[in-house]
Amino acid sequence: MRQVAVVGVGLSKFGEIWNRSFRELIAEAGVMALNDCNLHGNEIEALFIGTMASGLLVGQEHIGALIADHMGLNPIPATRVEAACASGSLAFRQAYMAVASGLHDVVVAGGVEKMTDVNVNDASLALGAAGDADWELFNGATFPGLYALMARRYMHEFGATEEQFAAVAVKNHKNAVHNPYAQFQKEITLETVMKSKMVASPLKVFDCSPITDGAAVAVLMPIDKAKKFVDCPVEVIGSGQASDTIALHSRKSLTEITATRVAAKKAYEMAKLKPRDISLAEVHDCFTIAEILAIEDLGFFGRGRGAKATADGKTALNSEISINTSGGLKGKGHPVGATGVAQVVEATLQLQGKAGKRQVDEPKYALTHNVGGSGATALVHIFKKG
Amino acid sequence: MSLASTWRKTESRYRLIGIQCETCKGKYFPPRSICPICRRKGKISEFSFSGNGKVYSYTFITSASTGYEKQAPYIFAIIELKEGPKISAQITDAKPEEITIGTPVKMSLRKIKEDGAGGIIYYGYKFVVDNG
């Protein structure tokens with residue numbers, strides 16, 4: 001396998017972007033990514049796109065071809081991949097494998113979701129389809145409802161409190177203030193979270209990531225070629241992916257995401273690193289409880305200790321480990337198909353020292369963690385300065 | 001959803017019919033085509049679950065998805081069946097404060113939802129508190 005680098009990254013603005021369509025969002029991010037690495041476009045050999053629910057959200061399938069066309073990239077192979085909210089990381093991993101294998105030299109990984117063209121209930125229905133349609137959703141499950149079941153069980157097993165969960169949202173909003181692409185560049189207090197409307201007890205509106213439009217793009221190539229285009233490429237040194245049961249109820253435990261643990265183990269082994277070596281991690285905080293489980297499953301904190309560690313400030317910017325410096329899904333926004341690639345964008349900016357006021361001090365290694373559904377898919381990637 | 005897709009699942013939804021693997025004795029709900037442990041060596045047969053169980057985790061859903069808005073708020077739970085498997089279902093005829101982890105419950109056949117005024121009415125399992 002060849003060593004692979006990320007050479008260029010781009011984002012669209014995240015938020016309720018009424019004046020931009022699905023295809024315009026990805027074009028915005030794509031142009032920025034190509035500018036970032038001084039590519040013309042003719043060098044691109046293949047395109048992988050992560051989108052979760054374009055059929056339900058914008059009535060459009062056949063996304064690979066659509067985007068290749070809209071970006072003027074025909075006739076290169078263009079492939080859409082899907083693993084619910086982990087679709088973006090899945091696209092990134094396909095691009096990584098295509099370059100590592102030697103099949104292609106320059107490959108683009110993109111992610112996009114346009115979520116505000118339908119009403120909130122229909123968006124919620126589309127997201128719910130990440131679960132088991134026949135045996136969870138039919139019986140009335142909602143996506144926040146599934147994570148609420150995890151949160152309730154976590155409180156039961158480890159004595160955690162709703163205030164400890166809320167600390168995740170407060171921290172991530174604080175980080176998002178310094179991210180110009182974030183949906184919410186605004187700090188919130190613990191009281192804001194605690195007094196917000198209940199969605200699925202114990203989770204309240206401010207425990208949940210928002211409905212977001214957005215796109216993210218990363219350009220990959222072999223590391224020996226990368227230095228010809230950019231000064232500071234970022235090398236992909238670990239990649240892991242795992243699956244688990246589609247329905248939450250079929251899992252042995254509700255207080256760990258086993259797929260995360262399996263994917264992380266593979267990525268750490270490949271990178272020859274331990275959790276304590278990681279300087280910063282972009283983790284999948286679709287709900288506050290999800291970040292708590294993630295920082296335990298990734299090995300940063302022991303089982304049942306993530307909630308207290310977060311409330312004690314151990315995951316704040318430049319503390320024990322910097323978690324979700326971008327603002328995470330909660331603060332930056334969660335355009336589901338784009339999220340995994342957006343995490344790679346943040347990891348890249350941090351390792352290049354380009355993260356502005358949210359910059360981690362001299363980071364060595366960055367990790368990204370993306371989950372599909374209630375944990376049926378998980379992907380972990382590890383990066384270092386090339 | 002089409003009539004056929006509903007009809008295929010009625011046995012399981014009305015009477016909690018799952019499967020048992022005669023090779024490893026593992027029991028599963030909903031039914032699976034293959035035993036995930038024994039795979040091709042597994043011998044699958046129908047298994048009828050009793051409908052008795054206890055609450056493994058629960059939530060009180062106030063924001064429901066399309067098609068369920070009229071039912072909100074409702075209690076949604078993962079139930080651990082007496083025979084082992086866990087399933088997702090609503091708990092009905094109870095107030096949220098009556099439910100905690102470990103509360104004994106039993107299955108009750110209920111209307112789940114309907115496709116508008118002239119559409120299919122879907123039935124299936126919900127759970128009620130089991131007072132013994």
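I take the expected span of a helix as 1.5 Å times one less than its number of residues, and helices (H or I, at least four residues) and strands (E, at least two) as DSSP runs numbered from the N terminus.

**Entry 1. Conventions.** I note that this is a predicted model, in which local features need pLDDT of at least 70 and side-chain atom pairs count only at pLDDT 80 or more, while totals for chains, interfaces and linings use all residues. Residues are numbered from 1 along each chain as its sequence is written, and chains are lettered from A and ligands numbered from 1 in the order in which they are written.

**Entry 2. Helix α1 of chain A.** I looked up the span of α1 (residues 22-36) of chain A: its 15 residues reach 22 Å from the first C-alpha to the last, close to the expected 21 Å. I then listed its buried residues (20 or more other C-beta atoms within 10 Å of the residue's own, with C-beta atoms placed from the backbone; 12 or fewer is exposed, in between partly exposed). Among them are Phe22(A), Leu25(A), Ile26(A), Leu34(A) and also Glu28(A) and Asp36(A). The cover over the buried residues of α1(A) includes strands β1 (4-11), β4 and β7 (214-222) and helices α2 (54-58) and α3 (63-70) of chain A. After α1(A) comes Asn38(A), with a positive phi near 55°.

**Entry 3. Chain A overall.** I count 15 helices and 12 strands in chain A. The radius of gyration, taken over C-alpha atoms, is compared with the globule rule of 2.2 Å times the number of residues to the power 0.38. Chain A has a value of 19 Å, close to the 21 Å that the rule gives for 386 residues, so it is as compact as a globular protein of that length. The C-alpha trace of chain A spans about 55 × 45 × 35 Å along its principal axes, and 64% of its 386 residues count as buried. I define a contact as two residues whose C-beta atoms, placed from the backbone, lie within 7 Å. Of the contacts in chain A with a separation of 6 or more, 77% come from residues 24 or more positions apart.

**Entry 4. The sheet of chain A.** Two strands pair if DSSP finds at least two bridges between them. I traced an open sheet of 10 strands with mixed pairing, in the order β3-β2-β4-β7-β1-β8-β12-β11-β9-β10 (chain A). Strands β2 (residues 46-50) and β4 (residues 107-113) of chain A run parallel and are joined by 5 bridges; Ile49(A) has Gly110(A) as its bridge partner in β4(A).

**Entry 5. Chain B.** Of its 132 residues, 33% count as buried. Three strands form an open antiparallel sheet in the order β2-β1-β3 (chain B). The edges are β2 (27-28) and β3 (44-48) of chain B, each with a single partner strand, so one side of each is left without a neighbour in the sheet. Strand β1 (residues 17-21) of chain B pairs with β3(B) over 5 bridges in the antiparallel sense, and Cys21(B) stands opposite Ile44(B).

**Entry 6. The interface.** I find 26 residues of chain B in contact with 27 residues of chain A. On the chain B side, the elements giving two or more residues are β4 (52-61), β5 (74-81) and β6 (86-91) of chain B. The chain B residues on that side divide into 13 nonpolar, 10 polar and 3 charged, where Ala, Val, Leu, Ile, Met, Phe, Trp, Tyr, Cys and Pro count as nonpolar, Asp, Glu, Lys and Arg as charged, and the others, Gly among them, as polar.
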